[in-house]
Structures are given as C-alpha cells and as structure tokens.
Amino acid sequence: MTPRTGESESLQAPPREQWSGQLGFLMAAIGSAIGLGNIWRFPGVAYANGGGAFIVPYVIALLAAGLPILFLDYALGHRFRGSPPAVFRRMSTKLEWLGWFQVFICFVIMTYYAVVVAWSLRYMFFSFTIAWGDDAGGFFMHYIGADQLETEVSYSPAVIAGVAVPLLFVWAFGLVVTALGVSGGVEKANKVFLPLLVLMFAALVVRALMLPGAGEGLNALFTPKWSALLDYKVWMAALGQIFFSLSVGFGIMLTYASYLQRRRSNLVGTGLVAGFANSSFELFAGIGVFATLGFMAHTQGVGLSDMKITGPSLSFITFPTVIAQMPGGALFGVLFFASFAMAGLTSFISIIQVVAAGVGEKLGLAPKPASLVVGIPAAVLSFVLFATSSGLPDLDVVDAFINNIGVVASAIIMCVAVVWGLRRTRLLQDHLNAVSESRMIGLWWRVLVGVVVPVLLGYMFLQTLWTYLSEGYETYSNGFVMVFGWGMLLMVALCTAIMTLIPWKTPVDEFEPLELETDSKEEG
C-alpha cells in the first residue's frame, strides 16, 4: 500500500501485527470467550430455565445465532484488516461511528470487569486462611465497603484500599500485556493462562464431584423440566447466554480476526472450535458449581432453590460458605478463585485490545503508547467508580445497561447495516469459504445473520428497553439509574461522536482488501 501523491511518508500505516499462527489466534479467541460469565452466569441461567431441558434451546441458540455472528465478526475483521472503526469506515465512511460505538462499549466494560477480577485475586489469598469464617456474606460486604452504604443506594467516593491494591495489579498486568503487542503479549499470555485455567478448574470439578451431596446438585441441574421449552423466556435466556458468553457483536472477535495472516486462515473451522470450546467449558462449570452447591444443600439441610446461584453472590458469598464447611476447603478455595481470576484476565486483555487497537489506528500510535492512552483514563475511572464502597451497585447498573442495551444494539445495527444497508453478506460469505478448509457457509448463514438474529435480538432489546423505561432497574432509585445506566450510555454516545469527527492520522481510506478468486460481485 502506497500513499497518495504528495502525501508524506510518515502517514503510511505501520505493518499490521499478526498472530504467530492459527493456534495462537484460537487460544486467544477461546480465552476471550471463557470469562467470568461462564462460571457465575451459566449455571444459574440453566437452573432457572428448565435445568437439563435448557440444553436444547442453548444448543439451538449457539447454532442459529452465536456461531453466525461469530463468523460475521471473523469475516469483517479478516477481510478489512483493522479495528472496528477502521473496518466499518472501509465498508462505508458513514458507518465509522458504529466501530467507535463498539470501542467505547468495550472501554466501559473494562473499567468494571477489572474490579471483579481484582475481587477474585484478593479472595484467592483470603482462601489460604478462610478469612471470612462463618459469615461469608457479611465479610464480602465489609471487604468491598458495601456495609457503609445507606438504605437508599447512592454513589460513594470512598475508595476501598483492599480493592484498590489488587485492582492496581490487574490494570498493570492488562496494560503490560497489550503494550507488548498481539503475538508478544496477548498470545503468550493466553498460551500460559488458558491451559492453567483448564487444569485448575478440572481439579476443582473432580474434587467437587467427590463431595457428599454432589449427586443431588447434578440432579437439580440436569433433570429436565420439559414444560419450560414452551416458555419463550427460556429461549430468550438461551440466546442471551450464548450471545454474551461468546464475546460477539461488539468488536472483540472482529479485532482478533484482523491479526490473522491474510490467506489460509480457516476462519470457519476456528470459529466452530472456539464456539464449542466455550459452550463445553460452560457445561463443565455448571457441573462443578452444582456439585458444590449440592454439598452445601446436603450439609445445611436446605434446597438449592434457597441459594443464590448466579452473579457475585454465587462466587463471593455462596462458594466461600461452602469452602468454609468442606474438608480441604482452603485448597478448593485457592483453586476456585485462581481459576476465576485467570478466566477474567484472559477476557480482560481482549477487551483492552479492542480499545487500544481502535485508538492506536486512529491516532497513529504504536501498541505501547496506545495501551497507555486508553488504559490510564480507564483505570482512573475504574478506581473512582467501582473500587469505592458503592462499587457493587455502580457495577450492577452499568453492566446491565451496557450489555443489555449497548451490546445488543451494536449487534443488531451491525447485522442490519452489513446485510441490508451495504449488502455485503455474499461477499463476506465467499471470503469465509475461500480462506477456510471447508466451504460450508451458504444461504443459511445469510438468512440467519440478516433475518433471524436481528429479529430475535430486536425483540430482546425492545423488551429490555421497555422494562427499563417503565419500571426502572431492580430496586435502585430513578436518579441512580439515570446516572449509572442511561448516563453511561450517553457518555458512550458522546465519545463515539467525538472520535468519529477526529481526523485519521493513518491513511485508513487507502486500504486494499484481500482479493480472492471466488469473490462475488457485491449485491445490489
């Protein structure tokens, strides 16, 4: 690629980083997909939506929505070779804003995601002595400072030192890894942490299965409630779980695919492996979680329905309670929270990479300065908003609005714009087939991406939007939700507009896409 006549040599885009090979990309993709939600979200969602019967809509959602959007992300990133803003601008200058919308969604997510990883790291050390004793709930609320809040939740600026210290480590780790680059940092980190995560979690699951009452826990998870399949909410829950756990639709997989070598990259095969590996780990996590909860129910003589089986309560209250009661609980606790932290760290660096890549390409920055430019303000926001005594409710509201409104809207707009606005699906279909070992992408994929996924996500989006507008969110005051829910979305929108208007420091519009022999004429 050469600059236009009269353009300075300094404006040439630097050579794009690449993964060392297919394995490096695959492990990074799996590491991004396997995160905190796999461990604390899937078991509760499955249990509440039909138990064993939930596997049916879950697998259908994976095949009909999760994998098709994953392939779309892969195709966009690999063909147009850039971060989300660069990719969408290269498709149409009117669509660059969508890329920045995805970037700033990731920016917000990484500010609070880091805090949960910090909690898990601290709890790994708490586990050595089972520091919470017989009151895991009171200990957790005191640790994060939530016991200092008034009855009506409001923002508190008081930073909690016990949270701030591990949070500082999490941010330092994330920024160092992304500053080292794709192959030198992100890929190497995943090659170390992903195998460790699987080994430690496997040891944890084996130990859980040996506990008295484990069988009752597994029966609760896998006993099918077939009547649940007649409830549309169960199907929407399956769609939501697949969508959020695969990290699709908001720039992560698109960015990762852009670092693959230009030709034989086997996008389809890699996508299938990553998708099924993610779902397999979720089922694996469900077995470990419910075996452990079965032991707790057996010990306390209570039913599983009386326990918190999802969210922070599962990881930081229910599990510590079990750890305190079981033989060898300290080792179990260390394994659980170390696994939890590693799952979080591999996902955390993938989120930072999206933001650093977008800003770096726009401003012409190398990986190191780009990581600092995006990481320092994000870290400051992370400490100010989520390392305080109101951090848990702040996180709860921001997470709900960013994911259920922002991420879902991003995926819907991406599908509609690519399929119906730009009419590029046949071009992307041919690209996927040309660089993959199998040519299985066809009309079925275009129908799913262009019709089925937008309709299903659109219904979920409108339902959630109406609920938030008419009923608010949970029991939080309207003012609190306005600031941390709608206010955060407004901040994303404003940052999106600003970055879209800033001129590019690299010649992004001169990009020459990879031409393949099987390329079709663009539709329309």
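Predicted model: local features only at pLDDT ≥ 70, side-chain atom pairs only at ≥ 80, totals over all residues.
Residues are numbered from 1 along each chain as its sequence is written, and side-chain values use heavy atoms, without hydrogens or water. Local features need pLDDT of at least 70 and side-chain atom pairs 80 or more, while totals for chains, interfaces and linings use all residues.

Start with the largest nonpolar core, which has 193 residues. Such a core joins buried Ala, Val, Leu, Ile, Met, Phe, Trp, Tyr and Cys through side-chain atoms within 4.5 Å; buried means under 20% relative accessible area (1.4 Å probe, protein chains only). L76, W119, W171, I402 and L457 touch the most other members. Helix 6 (residues 96-129) gives the largest share, 23 residues. Helices are DSSP runs of H or I, at least four residues, numbered from the N terminus.

Beyond four places in sequence, L457 contacts (heavy atoms within 4.5 Å) I69, L239, F243, V408, A411 and I412.

I69 belongs to helix 4 and meets helix 11, where L239 and F243 take part. The axes of helix 4 (residues 55-80) and helix 11 (residues 232-245) lie 8 Å apart at about 45°. Axes are lines fitted to C-alpha atoms over the stretch in contact, with angles from 0 to 180 degrees between N-to-C directions.

S247 sits between helix 11 and helix 12 (252-257). N266 sits between helix 12 and helix 13 (267-300). S247 is buried at 7% relative accessible area, and N266 is buried at 18%.

Key:
Buried < 20%, exposed > 50% of the residue type's maximum accessible area, 1.4 Å probe, protein only. Helix = DSSP H or I, 4+ residues; strand = E, 2+ residues; numbered from the N terminus.
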